[in-house]
Amino acid sequence: MSIEESLRLIGQLLLLAGVILLLTGWQRIASARRLPYFLLRRELSGKGWRSVGFGLLSGVFALMLLLFGTRVAYIIVPPTPSPTPTATITLTPTITMSPTISATPTISTTPTITQTATATATPFLPQQIILLYRETVTPRPDAALSPILVSTRIDRNNQAINPRQEFENPLRRLYGAFTYNNLADGVRWTAIWYYGEEEVCLEATQWDGGTGGFGYTECEPEYWLPGEYEIQMFVGERWVVSSRFTVIGDPPTATPTLTRTATSSATPTATLTPTLAPSFTQSP
């Protein structure tokens, strides 16, 4: 590879790196504006501006290398003329035998049916919930919830303790912890726990937790059957996020206990009450 080709390749790589750094920095700055916490927003914004600066420097250096790199390189390392090769021996072509019979290609079968992947349906809010809980506050279009972390316990800040995707019976109450941003008090918020297509728990109420922070939904059915469960969360009538987890092992069975109850039987008794017959006295 010559000096000119090497410099051109290095310049193109630097220009590509500059574009990637600019896009990454701009994405970090845009993401920082949506964070509710000042320290996190300032840290992410600083990283974004540093990426933008490095991207600009990389782009300027790449342009200078592409425009002036060859001249500078030839000043430092003068090019030397390369000798022109001259042919001394001319090869005489030899006669090649051509085949007289060529094999006829066979026809390969073409499949007539092509399988196409089926699309995954987007979760939707059941109609009975829409009719039962009317909208009072219009949700913001930028309202967002983080992925749901499922656990058996949460701390006082509503954060999941040791979240998992698989749980073993016996189980009682499970929590789905999440972070939220750009919510508004009074907006309708719904969390539905499904076992297959069967609704296990439903939580639908007006939101009262402010615009940003940590929240959770909980579910405690009579028992947890083994299989896959899904949590679907909605803000207003719009689906926002879902999470799946698995329960293994059979649920505990209740053992009936016998309790003796003493009963008393009453025997009726008859009571005889004497009656007096009226007497009549005849006066003279």
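**A chat about W224 and its surroundings**

Trainee: Which residues does W224 touch, leaving aside those up to four places away in sequence?

Mentor: W224 is in contact with N169, L171, R172, L174, W193, C219, Y229, F245, V247 and P251. Keep in mind that this is a predicted model.

Trainee: Thanks! Which residues have the most contacts inside the largest nonpolar core?

Mentor: W224 is one of them, together with L145, W193, M233 and F245. That core has 26 residues. Two of these names, W193 and F245, are also on the list of residues that W224 touches.

Trainee: And which elements give two or more residues to this core?

Mentor: Those are strand 6, strand 7 (188–195), strand 10 and strand 11 (238–248). There is also a second, separate core of six residues, with L125, I130, Y194 and F234 among them.

Trainee: You mentioned strand 10. Is Q232, which sits there, buried or exposed?

Mentor: Q232 is buried, because its relative accessibility is 9% and the cut-off for buried is under 20%. Strand 10 itself covers residues 227–235.

Trainee: What does Q232 touch, beyond residues up to four places away in sequence?

Mentor: Its contacts are P123, F124, T190, A191, I192, Y194, V241 and S242.

Trainee: New topic: pockets. How much space lies in the largest pocket?

Mentor: About 240 Å³. Its lining has 15 residues, and R34, L35, P36, Y180 and N181 lie nearest the centre.

Trainee: Which elements give two or more residues to that lining?

Mentor: Strand 1 (144–145), strand 6 (174–181) and strand 9 (213–219) do. Strand 6 gives the largest share, three residues.

Trainee: How many of the lining residues are nonpolar, polar and charged?

Mentor: Seven are nonpolar, six are polar and two are charged.

Trainee: Now the helices. How far does helix 1 reach from its first C-alpha to its last?

Mentor: Helix 1 takes in residues 3–33, 31 residues in total, and reaches 45 Å. That is close to the 45 Å expected at 1.5 Å a residue.

Trainee: Which residues of helix 1 are buried?

Mentor: L7, G11, G18, G25, I29 and A32 are. As background, an α-helix has 3.6 residues a turn, so residues three or four places apart point the same way.

Trainee: What about G53, where is that?

Mentor: G53 is in helix 2, residues 38–76. With a relative accessible area of 27%, G53 is partly exposed. From G53 to L21 the sequence separation is 32 residues, while their C-alpha atoms are 8.4 Å apart in space.

Trainee: Last topic, the backbone. Which peptide bond is cis, with omega near 5°?

Mentor: The one from N169 to P170. P170 is in the loop between strand 5 (166–168) and strand 6, and N169 is among the residues touched by W224. For context, most peptide bonds are trans, and most residues other than glycine have a negative phi.

Trainee: On phi, then: what value does N158 have, and what about N162?

Mentor: N158 has a positive phi near 65°, and N162 has a positive phi of about 55°. Neither residue is a glycine.

Trainee: Where do N158 and N162 sit?

Mentor: N158 is in the loop between strand 3 (153–154) and strand 4 (160–161), and N162 is in the loop between strand 4 and strand 5. N158 is partly exposed at 24% relative accessibility, whereas N162 is exposed, with a relative accessible area of 52%.

Technical notes:
Residues are numbered from 1 along each chain as its sequence is written. This is a predicted model: local features need pLDDT of at least 70, side-chain atom pairs count only at pLDDT 80 or more; totals for chains, interfaces and linings use all residues. Side-chain values use heavy atoms; hydrogens and water are left out. Helices (H or I, at least four residues) and strands (E, at least two) are DSSP runs, numbered from the N terminus. Buried means under 20% relative accessible area, exposed over 50%, partly exposed in between (1.4 Å probe, protein chains only). Contact means heavy atoms within 4.5 Å. On a 1 Å grid over the protein atoms alone, a cavity is a set of points where a 1.4 Å probe fits but cannot get out, and a pocket is an open set with protein on both sides within 12 Å along at least five of seven lines; lining residues have an atom within 4 Å of a point. Grid points are joined across faces, edges and corners, and a volume is the space filled by probe spheres set on the points. Ala, Val, Leu, Ile, Met, Phe, Trp, Tyr, Cys and Pro count as nonpolar, Asp, Glu, Lys and Arg as charged, and the others, Gly among them, as polar. The expected span of a helix is 1.5 Å times one less than its number of residues. A nonpolar core is a set of buried Ala, Val, Leu, Ile, Met, Phe, Trp, Tyr and Cys residues joined through side-chain atoms within 4.5 Å.
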